Amino acid sequence: MAKEARLVQGNQAMAEGAIYAGARFYAGYPITPSSEIAEECSKVMLKVGGVYMQMEDEIASIAAVIGASLTGAKAFTATSGPGFSLMQENLGLAVMGEVPCVVIDVQRCGPSTGLATKPAQSDIMQLRWGRHGDQIVIALCPATVNECFALTVTAFNFAEKFRVPVILAPDEIVGHMRENFSVPEPGEIAVIDRKKPSVSADRYLPFAADADGVAPLAAYGSDYVFHVSSSMHGRDGYSNNDPANAAWRVAQLHRKIEMHQDEIVLTKSFAVEDADVLLIAYGATTRAGRAAAMEARKQGIKAGVLQLVTLWPFADKEVAALAKKAKTVVVPEMNYSGQVAGEVRRVLGSGAEIRRVNSYNGEIISPQDILKAIV
Amino acid sequence: MSHATGIRYLKDGVLPHMWCSGCGIGVMLGAMLRAFEELDYKNTDTVVVTGIGCTGKADDYLVTNALHTTHGRALAYATGIKAFNPSLHVVVLMGDGDSVTIGGNHFIHAARRNIDLTAIVIHNFNFGMTGGQVAGTTPGGRFTSTTAWGNPERDFDICALAEVAGANYVARETPYHGWELKERIKEALDKKGFSLVEVFSPCPTHFGKNNEMKQTREMLDWFRERGLPVERYRKLSAGEKKNHFPVGKLVDRDEPDFNARYEEIRARATAPEG
């Protein structure tokens with residue numbers, strides 16, 4: 001039996017994806033263009049036995065999410081640039097305390113209040129470096145309503161599997177776009193739950209990593225009693241100022257992501273096998289890129305698209321491998337500074353030909369804009 | 001009945017604690033742990049959430065569950081814990097910087113929600129950990145390391161703030177009133193809804209030193225002479241009240257707490273249609 005498709009908005013699909021992934025706690029503060037996620041959760045959470053809370057600000061929202069996650073919930077929040085900025089300090093605690101959670105940043109045009117209802121892809125560096133202190137995060141970026149749903153599940157899976165905050169960063173276009181969509185059946189997409197401790201309660205160390213780099217996580221209220229700290233801490237979770245411990249800790253936070261890089265870095269490619277022109281795109285710009293590549297091929301230019309589904313960690317290997325075969329690399333993105341183009345430059349070195357196509361006025365980049373850079 | 005010591009909640013080998021001689025945080029912590037014992041709290045069903053500053057170091061001494069958070073945000077973290085698992089005892093330890101200076105927004109909203117948390121606030125009139133700078137709770141005219149000629153601002157009345165914001169229980173004690181402090185903490189822990197116990201604390205190292213109360217005893221005398229049982233305080237004239245503050249149980253009411261209201265609303269959402 002064919003499943004019924006509905007016309008669904010990207011924001012709605014992310015909320016549905018979260019519920020599918022098992023999210024049962026949402027705390028947030030409304031902000032355009034992410035508010036539909038909060039509105040959907042405010043209805044659904046009550047029905048599925050979860051909790052929806054509208055907090056006093058985004059600082060409190062991410063704090064409550066972390067508190068709920070440590071109490072055993074799959075928990076998340078959604079926001080946009082100004083709210084995402086406010087969340088950064090506490091997001092650092094989620095990194096330091098290895099707390100699984102998901103933050104959705106529906107990107108809008110800044111700086112500051114900027115164009116509150118218009119799209120941008122200008123938080124790319126904030127996703128990676130927004131918090132103080134040396135650390136690493138996972139950030140994913142959907143381009144379609146289907147990906148909004150599927151990548152939200154992936155975001156929770158990564159968060160749970162690696163005990164990390166995962167950021168999902170669509171742009172406003174993808175968040176507000178409507179497409180035909182049907183929710184997958186339960187089990188159709190794998191759902192991963194965090195690893196729980198199996199040692200006796202008196203031997204549990206909340207930061208003693210297994211061979212996979214990840215320590216099992218108990219929940220407040222279970223038989224396991226544990227400490228989580230924003231301060232530098234040892235395997236037992238108690239604060240620890242020993243330099244050797246600090247070095248182990250900072251390296252461990254990086255290593256558990258680095259050792260699973262191949263699993264975490266997701267890309268999609270379109271017509272790249274013989275491409276002389278390689279478009280590297282993400283989010284809404286991916287579609288404009290695909291349309292431009294098809295048009296270029298009609299004009300006899302072999303163009304293809306590498307879509308960055310995972311923005312962070314950056315797809316160094318995939319970019320390098322495909323760019324080696326191409327003569328020209330084009331990076332279209334909705335920011336002035338070429339935030340992803342800079343990363344591509346880092347990977348390919350100073351000699352590579354990289355053409356930038358940038359939009360920073362709240363308008364989407366059209367296939368024609370990209371085509372101009374190709375032909 | 002033997003007297004509760006609270007020692008079962010104390011981590012082995014951590015004493016002496018790191019707080020300065022004369023500081024009231026140790027007295028508060030002792031009172032809290034005795035209250036835990038008298039109420040027979042289990043480590044498994046208790047979560048102590050701390051902020052940043054002198055009081056924020058308290059979790060290092062405890063063997064209950066604990067979450068050491070960021071400056072001013074402890075109540076917001078605690079809200080997530082309590083909202084998701086209402087059966088837990090969630091106790092939030094903060095300084096006056098945490099609770100009403102950087103964290104004032106979370107404080108009034110936690111009280112407004114009347115969420116069933118117990119907030120214990122050490123009020124030592126300045127930022128102790130960072131060297132005695134002025135806080136939102138430093139009385140006007142007082143001297144700190146950033147108000148060398150006196151504080152031009154007024155201070156918050158933390159208890160009054162909690163009361164008007166909707167807390168079910170509000171009390172104030174000082175380390176001079178140790179037994180009463182334990183009793184107030186017990187009442188606060190037992191109370192459904194948001195409860196606040198404010199604990200005036202000597203800070204001879206910084207605030208006292210800058211304000212002619214370098215000896216701990218001088219700050220304790222200040223509390224003893226200025227602090228009046230609330231019944232006596234309420235009988236004072238407006239002029240007399242300026243020289244005193246009330247101690248004891250200031251607010252005690254039984255408005256429905258956040259989780260109770262939440263489940264009422266959930267019943268609407270899950271009621272069969274028709």
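Predicted model: local features only at pLDDT ≥ 70, side-chain atom pairs only at ≥ 80, totals over all residues.
**The A–B contact.** Select both chains and display the residues in contact: 35 from chain A and 33 from chain B. On the chain A side, the elements that give two or more residues are strand 2 (23–28), helix 2 (35–47), strand 3 (51–54), helix 3 (58–70), helix 4 (81–96) and strand 11 (227–229). By residue class, the chain A side divides into 21 nonpolar, nine polar and five charged.

Next, select strand 11 of chain A and strand 2 (residues 65–68) of chain B, which run parallel and are joined by three bridges. Zoom in on Val228(A), which stands opposite Leu67(B). Then extend the selection to the open sheet of nine strands, in the order 11(A)-2(B)-1(B)-3(B)-4(B)-6(B)-5(B)-8(B)-7(B), with mixed pairing. Strand 11 of chain A and strand 7 (227–229) of chain B are at the edges; each has a single partner strand, so one side of each has no neighbour in the sheet. From one strand to the next, the twist averages 20 degrees.

**Inside the sheet.** Select strand 4 (residues 118–123) and strand 6 (residues 195–200) of chain B, a parallel pair joined by six bridges. Within this pair, Thr118(B) has Ser195(B) as its bridge partner. Helix 1 (residues 25–38) of chain B lies across strand 1 (46–50), strand 4 and strand 6 of chain B, at about 160 degrees to strand 4 of chain B.

**Backbone details.** Most residues other than glycine have a negative phi, and most peptide bonds are trans. For exceptions, go to Thr32(A) and Pro33(A), joined by a cis peptide bond with omega about 5 degrees; Pro33(A) is in the loop between strand 2 and helix 2 of chain A. The bond from Gly110(A) to Pro111(A) is also cis, with omega near 0 degrees.

Finish with two non-glycine residues of positive phi. Glu98(A), with phi about 55 degrees, is buried, having 21 other C-beta atoms within 10 Å. Asp40(B), with phi about 55 degrees, lies in the loop between helix 1 and strand 1 of chain B. Asp40(B) is exposed, with 7 other C-beta atoms within 10 Å.

Key:
Residues numbered from 1 in each chain as written. Chains lettered and ligands numbered in written order. Contact = placed C-beta atoms within 7 Å. Helix = DSSP H or I, 4+ residues; strand = E, 2+ residues; numbered from the N terminus. Nonpolar A, V, L, I, M, F, W, Y, C, P; charged D, E, K, R; others polar. Pairing = 2+ DSSP bridges. Axes fitted to C-alpha atoms, helices over the stretch in contact; angles between N-to-C directions. Buried ≥ 20, exposed ≤ 12 C-beta atoms within 10 Å, placed from the backbone.
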